[in-house]
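Start where the two chains meet.

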There are 2 protein chains.
Amino acid sequence: MVTLAEVARHAGVSASTVSYVLSGKRTISSGTRERVERSIRELGYHPNAGARALASSKSNIIALMMPLRTDMYVPVMMEIAIAVATTARERGYDVLLLTGQEGPEAVRRVVGSGLADAMILMDVELEDQRLPLVRESPRPAVLIGLPADTSELTCVDLDFAATGRLCVAHLAELGHREIAVVGEAAAVYQRHTGFAERTLLGVREAAAELGVRVLHRPCEGSYESVAGTLSRIFDERPATTGIVVQNEAAIGPLLSLLRQLGRAVPEDISVVAVCPDQVATQTSVALTSVAIPAHEMGRRAVELVMAKVEARGAGPAGNGAATAPQATATGACTELLPPQLTVRASTGQAPAPTGAQ
Amino acid sequence: MVTLAEVARHAGVSASTVSYVLSGKRTISSGTRERVERSIRELGYHPNAGARALASSKSNIIALMMPLRTDMYVPVMMEIAIAVATTARERGYDVLLLTGQEGPEAVRRVVGSGLADAMILMDVELEDQRLPLVRESPRPAVLIGLPADTSELTCVDLDFAATGRLCVAHLAELGHREIAVVGEAAAVYQRHTGFAERTLLGVREAAAELGVRVLHRPCEGSYESVAGTLSRIFDERPATTGIVVQNEAAIGPLLSLLRQLGRAVPEDISVVAVCPDQVATQTSVALTSVAIPAHEMGRRAVELVMAKVEARGAGPAGNGAATAPQATATGACTELLPPQLTVRASTGQAPAPTGAQ
DNA sequence: CTCGGGCGTTGAAGCGCTTCGACATCTGTC
DNA sequence: GACAGATGTCGAAGCGCTTCAACGCCCGAG
């Protein structure tokens, strides 16, 4: 492996000069710079990551902690992960992939070993075990998801309450007065991942305000589960004309079943989904949906965590005036991305009431 | 941060002793070992990753290169990634997540910087651009997927040819004589990812042998695309009684459409899918399927790459007798996992011929 | 009692890089 | 023409760890 020293010799300068050319932390005359850069290219030099990390106590790596489960909202997770990796790389960082398998210990290990300069935690639950460790960790962290107590934490998430409100508002505006929510699997509510509850909260809030009746039923992604959920919904509330689906795995079966039941979408029943756009456009009836901005979430998480890393780096050297911005950058904050509803073919004017209410 | 020197002082031993306790590369008296271990625990010591990497030129990290695309077989990719991360961690390695965004350059960068000790490449195409770099790289690598030329390479993949044969054999045994293959999106074939072609090869091989007629049509995952594909299939080969689906996104729409067309599964038409078990069991009719052993693929890839890393490490010190096993461990090899077909509810005896051949 | 040889432990030399302070050299100024 | 201040470059001191050669010690054999 080519070392910096060899590059220096080849270019006829000292090692420190090469280092400064690389980092840009000191001004270098353009002649020297070009000579060094040529040597780097000719020798095919790549700085040694370990040595760099040791000398600078910066690894240029951020850790991304994924859930171990592969049963839920996989495409969203994957898209977030890819967005994180892509954005990080654009800024010169690499991404270390951690799974939940090690449990909260992983946080300690990664932070303690200086393997990563910062962390991004996905799939954060309301009372997440990792949070105490994150709070006392000297390294910055950003959560994707919203825990119960966000004090001292920085979080990014879709504004699911607003998402719920938006879905209901859209249906209400079309004249629907009885709607059903086909929710996530019961396990999701039990695990208190939060987003499902928040959606429901928004739904109920808007419903109360707009005079809409709501029925909520958790639902697994399997065909049978959707069938059961749907028949229970129509049993209990025959006048239901609008459905909000949160469990994206349930979407396919849902549309299929409605067709079998002879309920036309959107003539008899309107459907709004909370799902990635890609899913919404692949179905038999293009779905009116609120997109889950997975890419945006990943990107923002990286940007926030990066800002913190840089603030920390610049911190000790900062003058008085710098304290305020630094505090802002380092300080806790919760960023809820505004939901966006795209009207497609699955929602329409409510059918004329057939007698109910 | 606590350093090894502090642990040494606290335990009343030298730094090297602590290091040997940690690595186990020299015998340490149990008294000393326990004292050191206690100090480590009390001080909450975590070895610094950068320093370690620098001194030992081993980072204990393996790089996992994912495709940038998020449109295809996402759950499979995700499961492989998680299996890789989990298995690696069990063996004391961390996983660095790379995407295709940097292109083949990423291989050079990671290898050159000593960031990772080895690489695992996913979604390898027949003529993958990364292969030349991998071949000349001094670090071990394992591919998940099968390129056209496997010389000097180590690969893991499902035996897709056998998969194709297995599907056809199963249908043939049930008396089907005209079958259709609902393939991957045309883009997949154009990109030459290989697995789709290999499946088809197996299908054709078995079909020729068993006297079965095959019609292959590429197909996107969207409802409309599946509808078009299906109607073309039944137009061209009305006597088709068996379908092999390779594109897992097409499965939901396919079943839904067959129902609409009044073709009962499995009475009128049998369906075999190539997909994860989870997908096969969630559908309206539980699908007879060949599973994609994503977890197994990830695990094996790690095991193979790890064996190489260790062989390399032990290499230079090896004696004459060690050369043979080392060569085996380091040498190229292709490991095709045998497919396994699980019979569920979607396949059955072919209906009595209605006149066609 | 002496001596060879394990065994357990240590000191010291780096690994390849960053970074600080120092040192030339070159401007522009009074 | 001398001097303060940029500007560009360098030497050297680590960063925290691994590892090698060496050393002291105790044991058993002769």
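In this predicted model, β2(A) and β2(B) run antiparallel and are joined by three bridges. Strands here are DSSP runs of E with at least two residues, helices runs of H or I with at least four, both numbered from the N terminus. Two strands count as paired if DSSP finds at least two bridges between them.

On its other pairing, β2(A) runs parallel to β1(A), residues 61-66, through six bridges. There, I62(A) partners V95(A). How many residues of β2(A) are buried? Six of the six are, so the strand is largely enclosed by the rest of the structure. Buried means under 20% relative accessible area, exposed over 50%, partly exposed in between, with a 1.4 Å probe and protein chains only. Both faces are covered: D94(A), L96(A) and L98(A) lie on one side, V95(A), L97(A) and T99(A) on the other.

Now widen the view. The open, mixed sheet has 12 strands, ordered β11(A)-β5(A)-β4(A)-β3(A)-β1(A)-β2(A)-β2(B)-β1(B)-β3(B)-β4(B)-β5(B)-β11(B). Its edges are β11(A) and β11(B), residues 333-337 in each chain, each pairing on one side only.

In chain B, β4 (141-144) and β5 (154-158) pair in parallel over two bridges. L143(B) has C155(B) as its bridge partner in β5(B).

Residues are numbered from 1 along each chain as its sequence is written, and chains are lettered from A and ligands numbered from 1 in the order written. Local features need pLDDT of at least 70, side-chain atom pairs 80 or more, while totals for chains, interfaces and linings use all residues; side-chain values use heavy atoms, without hydrogens and water.
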